[in-house]
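I opened this notebook page to record what I looked up about how two parts of one chain meet.

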There are 4 protein chains.
Amino acid sequence: MNVPVLKNYTGGKWTAPENHGLLDVERPSTADVIGRVPLSTAAEAGRAIAAARAAFPEWSAVPVSRRCELLRRLADRIRDRSRELAETISRENGKSLPDAEAEVKRSLENAEVACAMPVLQQGDKLHGASPDIDGEVLRVPLGVFGMIAPFNFPLMVPFWFFPYALAAGNTCVVKPSEQVPLCMARVAEFMDTIGFPPGVFNLVHGDGRAGQALLESPDIAGISFVGTSGVGRIVAERCARTGKRFQVFGGAKNHLVAMPDAKMDDMIRNMITSCYGCAGQRCMASSAIVAVGDDVHEEVCGRFVAASREVRVADPLDPEVAGEAMVMGPVISAKAKSFILDMIRTGIDEGATLALDGRNLAVPGCERGHFLGPTVFTGVKPGMKIHRTEIFGPVVVILKADSLDEAIRIINGHEYGNGASIYTQNGYYARRFKLEAQVGMIGINVGIPAPVAQLPFGGMRASLMADTKTQGKAAVNFFTDLKIISERYWRE
Amino acid sequence: MNVPVLKNYTGGKWTAPENHGLLDVERPSTADVIGRVPLSTAAEAGRAIAAARAAFPEWSAVPVSRRCELLRRLADRIRDRSRELAETISRENGKSLPDAEAEVKRSLENAEVACAMPVLQQGDKLHGASPDIDGEVLRVPLGVFGMIAPFNFPLMVPFWFFPYALAAGNTCVVKPSEQVPLCMARVAEFMDTIGFPPGVFNLVHGDGRAGQALLESPDIAGISFVGTSGVGRIVAERCARTGKRFQVFGGAKNHLVAMPDAKMDDMIRNMITSCYGCAGQRCMASSAIVAVGDDVHEEVCGRFVAASREVRVADPLDPEVAGEAMVMGPVISAKAKSFILDMIRTGIDEGATLALDGRNLAVPGCERGHFLGPTVFTGVKPGMKIHRTEIFGPVVVILKADSLDEAIRIINGHEYGNGASIYTQNGYYARRFKLEAQVGMIGINVGIPAPVAQLPFGGMRASLMADTKTQGKAAVNFFTDLKIISERYWRE
Amino acid sequence: MNVPVLKNYTGGKWTAPENHGLLDVERPSTADVIGRVPLSTAAEAGRAIAAARAAFPEWSAVPVSRRCELLRRLADRIRDRSRELAETISRENGKSLPDAEAEVKRSLENAEVACAMPVLQQGDKLHGASPDIDGEVLRVPLGVFGMIAPFNFPLMVPFWFFPYALAAGNTCVVKPSEQVPLCMARVAEFMDTIGFPPGVFNLVHGDGRAGQALLESPDIAGISFVGTSGVGRIVAERCARTGKRFQVFGGAKNHLVAMPDAKMDDMIRNMITSCYGCAGQRCMASSAIVAVGDDVHEEVCGRFVAASREVRVADPLDPEVAGEAMVMGPVISAKAKSFILDMIRTGIDEGATLALDGRNLAVPGCERGHFLGPTVFTGVKPGMKIHRTEIFGPVVVILKADSLDEAIRIINGHEYGNGASIYTQNGYYARRFKLEAQVGMIGINVGIPAPVAQLPFGGMRASLMADTKTQGKAAVNFFTDLKIISERYWRE
Amino acid sequence: MNVPVLKNYTGGKWTAPENHGLLDVERPSTADVIGRVPLSTAAEAGRAIAAARAAFPEWSAVPVSRRCELLRRLADRIRDRSRELAETISRENGKSLPDAEAEVKRSLENAEVACAMPVLQQGDKLHGASPDIDGEVLRVPLGVFGMIAPFNFPLMVPFWFFPYALAAGNTCVVKPSEQVPLCMARVAEFMDTIGFPPGVFNLVHGDGRAGQALLESPDIAGISFVGTSGVGRIVAERCARTGKRFQVFGGAKNHLVAMPDAKMDDMIRNMITSCYGCAGQRCMASSAIVAVGDDVHEEVCGRFVAASREVRVADPLDPEVAGEAMVMGPVISAKAKSFILDMIRTGIDEGATLALDGRNLAVPGCERGHFLGPTVFTGVKPGMKIHRTEIFGPVVVILKADSLDEAIRIINGHEYGNGASIYTQNGYYARRFKLEAQVGMIGINVGIPAPVAQLPFGGMRASLMADTKTQGKAAVNFFTDLKIISERYWRE
């Protein structure tokens, strides 16, 4: 197999990496090398930023409808190539094809919402704000945005940001995760042929060093970052110090609350999808179940463990599993697997019950793959490390609460406030959960409460350090500034 | 005259200051002591924060209409006592009575806009976001907000923030400037009798120490700060580090561009008001005039200096000037005056021409007041310190530009991006200025382009470190978070 | 007792009626004459229209904030005199004091929402709509609006309309019901002293003749009408013919659906309030209960009849009942009572079971009052005349449905589509009801689903002939037109 | 040449016309027959309505995003076939290819804006509207909409309506003008293959009889009509009588005001395009010029007549003129031409000066075509029939005004209030014109002030009988109704 060597896309040109080591991109299922990605230097990142800076004045003056015409071509291209992109995602990230297809679909949705920018970007007009004076509010672009993406959604996370940024008149520099750079490299190829002016969209491959260069540059107006809360806090601080906007999406520990009146069969099926899709590496994946009351707790423990046992673990590109809706692939890397194994040991040490042990699972033909089977802890107490920590793998902890009040307290007491769901048919419980659970995204019988692209996306507390969420109208707020005008003409 | 000793208002109680020195509040016109203000300790600030934190759960659950009913009572009280408040402002800050009345009016307007919160706080609803799933977006309060105000608008700046914060369901701790604490102390008295639950509104007097306590507290969700950009940058960084929202309003150097076709008489009159109102201590005050073309430059220099000479400088509470629209009072303090005198010397040293010298001005009966007369430099070049620096006094610099392009370059090259105005009757020039001047607030023949309370307020670049401006809908964005809900019920 | 003789308020003047008969205004509880109201001629109405027309250019040019300042004074006056107004309403209409107080409160709420007009009236701005061309949308007033109100909400119905109309810059002519003209006469007195320019607000007393004059006038831009659907249809047609906007609120037959899982105690209490408040003369009053399933049907019949029996029927101004929350007064007139008695006879003739008979009820001391007791029919089938007809009195019909589907079919098959409520704790049933019941206003465990003033109000089908509902943002749509501007300036 | 015989498209099927005469579709340039169109009976229209009615419940329940996926495919198809569509338009209507291409582009834009429906259709959510009660507003479809289009924009007028209607969940029956049915027949072919459920989109060919059937049907929820104000008034009335929404776009007489400071060259060029594009048969075409002041009047008369003389009149499909931007084709029919000739005679009779006579113009090879050359009257007075009447051909009247005030009075005194433009560089005049000209669409140096699809479109007074304009957010208001929900759950 021919291993592609990726290039940066800067100022409308593909630039060969400087003379430094390339990183191997590995397929998580097999550890095969499927690409080589440059680890860009600060100077290389700087050139991309400079190209974006240079492209800004002209691009921001293009009428918004015309900008969206170009974006629409990108959307068309994504639609046409959705199968290929899904396979690339599946290959480099390890998620199942249906999950990869869902990712492409959500990416496309975001591009399409961004195409509504001529409506979304409209400002306000107040004639007669004062005697003889009219007021108006323009939504204007800010300049260059840097976007730093993680490995778990190689395509969707950049699409949370750059279509809105570009539609609004900004230019951008995108840095994908060096672990999964292939599908965005493909997107850059699309962008190259669509007609965007050079420098509007730039792609810089690399690791933290390139990211750091974005953070430090005085020519960057804002940063969209998705990663851990720990790194995120530093990103936020650095941005604040250098006068940049920031939108930092951090970690999560999403809870599922099982109420006594929940539809048990539907709930268990829904929980399994939420917990094991993408091998638990979604920021919206649930990894903590809170069962309310002894009976429910007992039933959920039994049925969830049994259902977890049935989850098919396989290479997602194995033709045998191609048609299956629920297939769990490997985690992203040996390092990630090792961290998860550590956490499982921690759970045992803390006294939780390992009700299902996903270690030592073998996927034939994928012996070098980073596979782990569904793993469930019961008897978990709030405050245990396996409850406090985002494990980011197929490890689920089950807790018991005596009441909805207690379940909500567990959620609100957690450091992260990303998502949480309740399973109930009862409107009273649902309403209280909506109003009282202090997390950004809430599901009622929806285990992965990731909002559609037309609504905002984002958590609270340590899960989102930002004033503004992304997607839909929220993304417009982030990627535009307001200019307020007071206008009068004296009598002729 | 009996000198009032101020108290903090915390958790619905007036609390005597701890055993530490009180600061004298002086009247800038006379240096008379008109009050004594406690310099609260971190512990005192902490008690206010704790009271606000404790009041949050209940207050945020009060229906928004009911919250606004209480706010409306505050608005009524402000309206009833507007004369008294204006006098207090004039006394403690030194601005003229008409200026103080305008401040009260704008404060009131903000309270009234905040009373529209039941409309403004409405979230979005998308039924059928996905098959069988409805999406909704709730705008929810965040918790406790800290508000740190400067001396130049003792009443208005707090009203930019706390009415919106409270209407949206947050609680707050307000720290007025220790130089002008009297009128907000009066507002706290109103708040005390209106029916707000204890702890919803808290007032803590003090200096930077109390401000610092707000910044550091983990129980504060966000900070609204108005001050210098230098301190502001530290505020922003501290907030980012501790996971707070922030809205930092910094310095300004607002430019007025005189075009050849401007209505000369109207323009000069308008410039005078802009430059000398509040003794040049408004963040929207203009302090740099850019005349486009030799002829205009010459005429503007001549006429502006002549008109500046006519400005009446006096104690604003002197009954003799009570009815006059344009009276200039003192600057806020001896320290401020001393800084301004330094800047004037700097301008002379830099080679600018001191066309009008406001030093050595005597106001009979106010020998201890911090008065300065209108001061104008001509022959100023971009980059001179008197052009780069926010002098915050009645000192105006006049620059020449050869074209509108050059005038815009001067504005966009400046560190601050608060406001800028153009004087022209020509729609082409006006449009270009609107679109190209990179400042947050733009005036067309409006020398003080401060938007009405129904529109957002805020600058760009070093003048505003924030994603969201204040006033109107922008304030709602800052003081609410979004909670997004995906809701489904399974078939019964 | 001195019987007041009312006058029209036209062009800022109180005008003595022309030489024609005055109509006695009777107190429904006692048939005592409490006022005399002029039945204005077309000429008198025309003078009011002319005054409104003349006032329009100047009023529409007043900045919206200033218009709202005046409105706020009206709101203050309503708040100050709310007790007096409630008593007047109770006296002329016959509703209980708590109901009258609720009416005053909702009226006030509408005035307050209208005071948000400087925010609500903002149009849109799209700079760069095309190359070099900016687009903007102004929301502008239309001219004179006519408002024709019914007897059942003497104060609230005018407040649904005129505060929004005026805030948006229109002028108006209000014609209250000649049966209940007293409280709006009081409002006109307030308006007279507040500072509105003459002609902005005009009050014309009278019956259908005056209403007709409004409909026919070419100087009226739009009509807000509340009355029967039959008359309403004519109003709509006449408006369409003469190029007027219209908003016609017609009849209603609001259903309450009782589901098996409903909270029985709460539900019955809630139903009683909905059915008998204002003696069933609210357009949001429910008068048809649909019980789903045999068991629920049986229980609801039994308990609802029993609870109906307990409803206190009395003169609402009788001091003995002053503190009671649920008191039912008389219907509006002898004619109304006679119609209701006819309908009861019809129900008996149609074969429905008269489970509770409210005829022959005597209220001591009020022998001439138009009292009727709670009346309940069971065994009612869809299509019976007592089900099809809006009886507008304390007469409730109970139907049985086998399923939620059938209940919804009954509602959707009815001519009127005003409101409908479901009693259930189950989110699945609630969601289906929300989406499938084809009525304008829906309650989930809310028997009177009249939205708060910050949300729109209005039904569907025969219950509302209009594109736009009233209250909140909907009212803004009705009372403003859009002016769209495309603006370019050629290069100088 | 093979002459196509058109069919109706009803319920997803192509239906052969009933046994009645077909109408010849003629090419205006040559009077060649280019198609045969059925004149559908009321019964045929009724079947289309029934199909649309039957399709509504299912279609309205499809999630809005999915509905827009289908629409996006239509947009793609239009984009792919834009050249073919433009040629068809040019052939059947006679307008130039650039004009036809502009029409296709605007049609496409409307489809794209409609694809933003998942954002535009979002309702409002107010949690805690009252204690324990949440309010929400759903935007719901209404049912079947009928759309009746004129000859002048065979494609664009249907696209003003049906994409929004469908995206919002309604179904529709479109009746194109029988004079220009070909391009919508092509669109129906696209719709047939895209995947819309049968009955969602229906096309019925015919004349007034088919239109009448739409008006009378009780199964139609609303009518969008574009035609003359006279017929429109009847449409409005009929709709009001039968409880339908309506949106009636009527006639126009758009004025261009030339101010003394206008850029003369740009202005004249712009006026020519406005007056003669589509042979003056655009509803946004200008046909009345008002010159302010003697000098301007004289210059405009001279230069406009000279420039009019230069306008190329030709068969728009003549390959020789293919690349030219400004070519004027024929008017639509012999009948139209005859009416215009009558009006020219009237003008002469009224005493206006025929400064340029476009009669007796011969286009070689197109002797049977309905050509007319540019025709200009000077010395026209307001009130002359040629000023009062919408001539809808290449006939321009020039009036003189002494001041902007008088120019505005002329515009506001006219029956029609569609569009009006001013030519000036002066912001003061522009602002006054914006605020004072009582027309729906205003241009500042834009001779055809037709707003882009992201902003509303529609006139005032006799030019639009409707509460709601079309395009953008306005179209959403027309094609959705509001359902308001008050939701509570009792404590468990």
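I began with salt bridges across the interface of domain 1 of chain A and domain 2 of chain A, and the rule finds three of them, the rule being a side-chain nitrogen of Lys or Arg within 4 Å of a carboxyl oxygen of Asp or Glu. I noted that Asp99(A) forms a salt bridge with Arg282(A), with 3.7 Å between the closest N and O atoms.

I must keep in mind that this is a predicted model, in which local features need pLDDT of at least 70 and side-chain atom pairs count only at pLDDT 80 or more, while totals for chains, interfaces and linings use all residues. Residues are numbered from 1 along each chain as its sequence is written, chains are lettered from A and ligands numbered from 1 in the order in which they are written, and side-chain values use heavy atoms, with hydrogens and water left out.

I then checked the bounds: domain 1 of chain A covers 8-250 + 463-486 and domain 2 covers 254-444, as given by an automatic or database domain assignment. Their centres, taken over C-alpha atoms, are 31 Å apart.

For contacts (heavy atoms within 4.5 Å), I found 28 residues of domain 1 of chain A touching 27 residues of domain 2 of chain A. The two domains bury about 2,100 Å² between them, 56% of it on carbon and sulfur atoms, where buried area is the accessible area (1.4 Å probe) that two parts lose on being put together, summed over both.
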